[in-house]
Amino acid sequence: MRPRTLTLAAASGAALLAAGLLPAHASAAAPKSAREGTVGAADLLAKVTSCSQISNGKYRTDEETSATVPVCGKNGAVFWKADMDIDCDGRRTANCNEDRDPWFQADTAFHQSDGKPLNAETLPYVVVPSTSTIWNYSNAGIKGGGVVAVIYDNKVEYAVVGDTGPSNIIGEASYATAKALGIDPDPKTGGADSGVTYILFKNSKVSPIESHSAAVSLGDQLARQFLAAN
């Protein structure tokens, strides 16, 4: 993940959202009606209506914005509510490469079981902020390959912790995560300005990290435990 500036199109979209002319979930991609697992978005969101802040400060969602997003604690999880920028880093693919993404980096913080970088086009993964005085993700029980429930527009997508980003910015996920949630996955012009909830389950780890089916299976189990514990 790299710091990014808002494009003119994104800024215009934000203005329209503020004016109430566009729905908050507007995107170029058609939304899916299906959900992963047995736990619904509404049930998960009902457990994260209030925030017990565990970060020492708050994060920006982009370089241009003020710091407004805290990391919040719950039994068995941490969460935040932010935007979604698109991470295309990792293995070069048809949609994730230097030509499609001016910020492209051919590596991710965490690697597949064969040692290769993750594939952002096919694997749903989430970016966590690099360790700083604001927050240390590893001290909170969050690790590479940990399970994340990403919620947007009444849909739940299970992802893994796959990359790290700037120490002061939060709210980014892979091309595959965005596409699955009906968010425009284009790394230059896509993403969602707001309305994305990230619930990261503590001390979880998908093995192998590149198995999305394993993430869904474990994520569904942890989501049900999360509902029971909160």
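The model is predicted. Its largest nonpolar core has 60 residues, and the structure also holds 2 disulfides.

**The nonpolar core**

- Within the largest nonpolar core, which counts 60 residues, those with the most contacts inside it are Trp80, Met84, Trp135, Tyr198, Ile199 and Phe201.
- Leaving aside residues up to four places away in sequence, Met84 touches Val150, Gly171, Ala173, Thr177, Ala178, Leu181, Ile183, Gly191, Ala192, Val196 and Tyr198.

**Strand β3**

- Strand β3 is mostly covered, with 5 of its 5 residues buried.
- In a regular strand the side chains alternate between the two faces of the sheet.
- In β3, Tyr125, Val127 and Pro129 point one way while Val126 and Val128 point the other way, and all of them are buried.
- The pairing of β3 with β5 is in the parallel sense and runs over 5 bridges, and Val128 stands opposite Thr164 in β5.

**The disulfides**

- A disulfide is a covalent bond between the sulfur atoms of two cysteines.
- One of the disulfides is formed by Cys51 and Cys72, whose sulfur atoms are 2.0 Å apart.
- This pair links distant parts of the chain, for Cys51 lies in the loop between α2 and β1 (72–74) and Cys72 lies in strand β1, 21 residues apart.
- The torsion about the S-S bond of Cys51 and Cys72 is about -100°, and the disulfide is therefore left-handed.
- Another disulfide joins Cys88 to Cys96, with an S to S distance of 2.0 Å.
- Because the torsion about the S-S bond of Cys88 and Cys96 is about -60°, this disulfide is left-handed.
- Cys88 counts as buried at 0% relative accessibility, and Cys96 likewise counts as buried at 0% relative accessibility.
- When the bonded cysteines of the protein chain are numbered in sequence order, the pairing reads 1-2, 3-4.

Notes. Residues are numbered from 1 along each chain as its sequence is written. This is a predicted model: local features need pLDDT of at least 70, side-chain atom pairs count only at pLDDT 80 or more; totals for chains, interfaces and linings use all residues. Side-chain values use heavy atoms; hydrogens and water are left out. A nonpolar core is a set of buried Ala, Val, Leu, Ile, Met, Phe, Trp, Tyr and Cys residues joined through side-chain atoms within 4.5 Å. Buried means under 20% relative accessible area, exposed over 50%, partly exposed in between (1.4 Å probe, protein chains only). Contact means heavy atoms within 4.5 Å. Helices (H or I, at least four residues) and strands (E, at least two) are DSSP runs, numbered from the N terminus. Two strands pair if DSSP finds at least two bridges between them. A disulfide is a pair of cysteine sulfur atoms within 2.5 Å.
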